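Visitor: Please take one part of this model and go through it closely. I would like the geometry along with the contacts.

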Amino acid sequence: VGGTFVKVGFFKDEKLDYVEQIPTRTEDNGKWILDDIADAMKNILQMKQVNPEEVSGVGIGLPGPVTSDGRVLGCVNLGWGIMDMGALSEKFYDRPVYPLNDANAATLGEMWQAGDCKNMAFITLGTGVGGGMVADGRLICGATGGAGEIGHFPVESQETDMCSCGKRGCLEQYCSATGVVRLAKKYIQEYENTVLNNVAEISAKDVFDGAKAGDECCLKIVDRFGDYLAKGCAYIASATNPEMIIIGGGVSKAGTIIIEAIEKYFKDYAFKPCAGVKFEMAKLGNEAGMYGCAYYVKSMTE
Ligand SMILES: [Zn+2]
C-alpha cells in the first residue's frame, strides 16, 4: 500500500500470477482503503476462479511501523492511526491478515529471491533510505515496529542541515537520491571542470554516470556516498551479523558502482568477526514488497 497506489498481487504456487493497481483513497482518514483492496481481491479471485477458502492468507505491506504481532502503529500517509489488522480478517473473507511494514516486506521478498538466506539485511536507496533486517530467520520488527530504520543511523557529527526526522547527520542525508544531490551541490564548488556544471538540475543518476565516465567531482561524491553507506552497513553488521546485505531502490539502478563504493570502506568500519558480508544488488524492483507479503503469509501459515 503506497500513498498513491495499492498494488494487489495474486500468488499461486509461490509465483506472482497477477497484479492489479488501484488508487489509494486517502480521503476520510483512509477509511476506504481496506474495502477497496478487499473488492480488488474479490474480483481477482472471481477472475481466477478461486474460492476465498482456498486462499492461505492476505499479506499487507504498509507505510508505517508494524510490530511482529501485527499491530499497525499509524500510517501518516494513509491518514491512519493505530489499527489492529488482526481483527480485520472478516473484511478479507475470513482469511487471516498479516500486516508488515513496507520496507520490511521488501526485505523478506529480496531474502526469498536470494535463496532464503537466514541472516541478511536490505537497504533501499530511494527518495529516502529505508530497509530491514532478518536475523536467525526472523524479521526484526522491534518494540514499536521501528527496527530497520537504517536511513536515520547517525553517520556524521558535523552536519548543520536538518534531516526530515529532525536530527542532523542521518545516513539518508547522504545516500538517498536527494542526499546524493546535496553532496553534489557541496562538492561542485571545488571542481570547476566537472560535467555536473553542464546539467541544469542535477540528479543522482547524473552523479553516478559522471563517476563511471571518470569525472573527478562525481568520483569524489560517490566516494563520500560510499564512505557513509559503508559506515551504515558496519552498524548493521555489528547489530545482526548478516551474511548478505542487499541494496535496492531507485539509486541502486546505478549498478555495481554502488557496491564497489561500499566495499572500498566497509572493512575499515566493520568489526572483524562480522565483516564477511556479501553485498548484492536487489532483484525484484518494486515487486519486492508483494513477494515479501506472500512469503510472510507462507511462513505464518505453513
Ligand atoms: Zn533522520
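Guide: The model is predicted. The zinc ion has as its protein donors ND1 of H152 and the SG atoms of C163, C165 and C170, at 2.0 to 2.3 Å. Along the sequence these donor residues follow the spacing H-x10-C-x1-C-x4-C. The angles subtended by the four donor atoms run from 107 to 115 degrees; the arrangement is therefore tetrahedral, since every angle falls between 85 and 135 degrees. For comparison, the ideal angle for four tetrahedral donors is 109.5 degrees.

Helix α2 covers residues 33-47. With 15 residues at 1.5 Å each, α2 should span 21 Å, and the distance between its end C-alpha atoms is 21 Å, so the two agree. Its buried residues are I33, L34, D36, I37, A38, A40, M41, I44 and L45. In an α-helix there are 3.6 residues a turn, so residues three or four places apart point the same way. The buried residues of α2 pack against the strands β1, β2, β3 and β5, and against α1. After α2 comes Q49, with a positive phi near 55 degrees.

The loop between β3 and β4 contains T67. T67 has a relative accessible area of 3% and is therefore buried. Its side chain makes a polar contact of 2.4 Å with the side chain of D69. Leaving out residues up to four places away in sequence, T67 touches L73, C141, G142, A143, T144 and G145.

Definitions and conventions. Residues are numbered from 1 along each chain as its sequence is written. This is a predicted model: local features need pLDDT of at least 70, side-chain atom pairs count only at pLDDT 80 or more; totals for chains, interfaces and linings use all residues. Side-chain values use heavy atoms; hydrogens and water are left out. Helices (H or I, at least four residues) and strands (E, at least two) are DSSP runs, numbered from the N terminus. The expected span of a helix is 1.5 Å times one less than its number of residues. Buried means under 20% relative accessible area, exposed over 50%, partly exposed in between (1.4 Å probe, protein chains only). Contact means heavy atoms within 4.5 Å. Donors are N, O and S atoms within 2.8 Å of the metal (3.2 Å for Na, K and Ca); water is not among the atoms, so sites may look incomplete. Four donors count as tetrahedral if all angles lie between 85 and 135 degrees; four count as square planar and six as octahedral if opposite donors are over 155 degrees apart and all others between 65 and 115; anything else is irregular. A polar contact is a pair of N or O atoms within 3.5 Å; within protein, one must be able to donate a hydrogen and the other to accept it, and residues adjacent in sequence count only if both atoms are side-chain atoms.
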